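Reader: I'm new to reading protein models and would like to go through one with you. Could you show it to me, and may I ask about it piece by piece?

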Amino acid sequence: MSDSADPLISVELASFLEREVAIDAASRGADLCPSSARSMVAVVDADYRHVTVWIDREKSRPFVTDVLASGEIAVVFCLPESERSVQLKGRRVEQVETTQADIVRAERAAARFVDGVAKLGHGRQFAEAYMAFQPQHLVGIRFEVTAIFEQTPGPNAGKKY
């Protein structure tokens, strides 16, 4: 994507991506076998072209290795209360340093996700285990967004944004 092109991410979509959503990232190894990771939180850069997701690198070593080697990523964001889902595809992947502010952001996002899932009648223990991470293992994976797809179940699933 050239610098003169309009960003793919709208203000409304950025707000959705930064909500209490389930975030699953995927990549592939040189052998084309997939790898994946659970992300705790995402942040859309001010340029609306780049997104950073934070994951527990100790739980996701194959994914971190694969995504940094391939430079390609796909990330799905799903809001449990509505099943609204969006997939981002990206390239130019890089690992970024995690700050204390990022850790706090991830802890808050995890707590919001747990509260949201509990409101739907699911046990808090399940949601807490699902979002568990060790703060000292948190690593940021930043990428340039190259495509966005609607993934909400229904007639528009798979369509480009």
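Reader: Leaving aside its neighbours within four places in sequence, which residues is Ser-35 in contact with?
Author: Keep in mind that this is a predicted model. Ser-35 belongs to strand β2, which covers residues 34–44. Once the neighbours within four places in sequence are set aside, the residues in contact with Ser-35 are Ala-25, Ala-26, Ser-27, Arg-28, Pro-62, Phe-63 and Asp-66.

Reader: Is Ser-35 buried or exposed?
Author: Here we need a cut-off: a residue is called buried when its relative accessible area is under 20%. Ser-35 has a relative accessibility of 8%, so Ser-35 counts as buried.

Reader: Which side chain makes a polar contact with the side chain of Ser-35?
Author: Asp-66 is one of the residues in contact with Ser-35. Between these two side chains there is a polar contact of 2.8 Å. The partner you are asking for is therefore Asp-66.

Reader: Let's turn to charged pairs. How many salt bridges does the count come to?
Author: The cut-off here is a side-chain nitrogen of Lys or Arg within 4 Å of a carboxyl oxygen of Asp or Glu. By that rule, the count of salt bridges is 13.

Reader: How many residues apart are Arg-84 and Glu-12?
Author: Arg-84 and Glu-12 form a salt bridge, with 2.8 Å between the closest N and O atoms. Arg-84 sits in strand β5 (residues 84–96) and Glu-12 in helix α1 (residues 11–17), so this pair links distant parts of the chain, and the separation is 72 residues.

Reader: Which strands hold Glu-94 and Arg-142?
Author: Glu-94 and Arg-142 form a salt bridge whose closest N and O atoms are 2.9 Å apart. The pair ties together parts that are 48 residues apart in sequence, because Glu-94 lies in strand β5 and Arg-142 in strand β6.

Reader: Are Asp-115 and Arg-124 buried or partly exposed?
Author: The side chains of Asp-115 and Arg-124 meet in a salt bridge of 2.9 Å, N to O. Asp-115 has 35% and Arg-124 has 40%, so Asp-115 is partly exposed and Arg-124 is partly exposed.

Reader: Which residues are linked with Arg-19 in a network of salt bridges?
Author: Some salt bridges join up into a network. The residues linked with Arg-19 in this one are Glu-20 and Glu-81.

Reader: One last stop: what separates the C-alpha atoms of Glu-58 and Val-44?
Author: Glu-58 is in the loop between β3 and α2, and its side chain makes a polar contact of 2.5 Å with that of Arg-61. Along the chain, Glu-58 and Val-44 are 14 residues apart. The separation of their C-alpha atoms is 24 Å.

Note on methods
Residues are numbered from 1 along each chain as its sequence is written. This is a predicted model: local features need pLDDT of at least 70, side-chain atom pairs count only at pLDDT 80 or more; totals for chains, interfaces and linings use all residues. Side-chain values use heavy atoms; hydrogens and water are left out. Helices (H or I, at least four residues) and strands (E, at least two) are DSSP runs, numbered from the N terminus. Buried means under 20% relative accessible area, exposed over 50%, partly exposed in between (1.4 Å probe, protein chains only). A polar contact is a pair of N or O atoms within 3.5 Å; within protein, one must be able to donate a hydrogen and the other to accept it, and residues adjacent in sequence count only if both atoms are side-chain atoms. Contact means heavy atoms within 4.5 Å.
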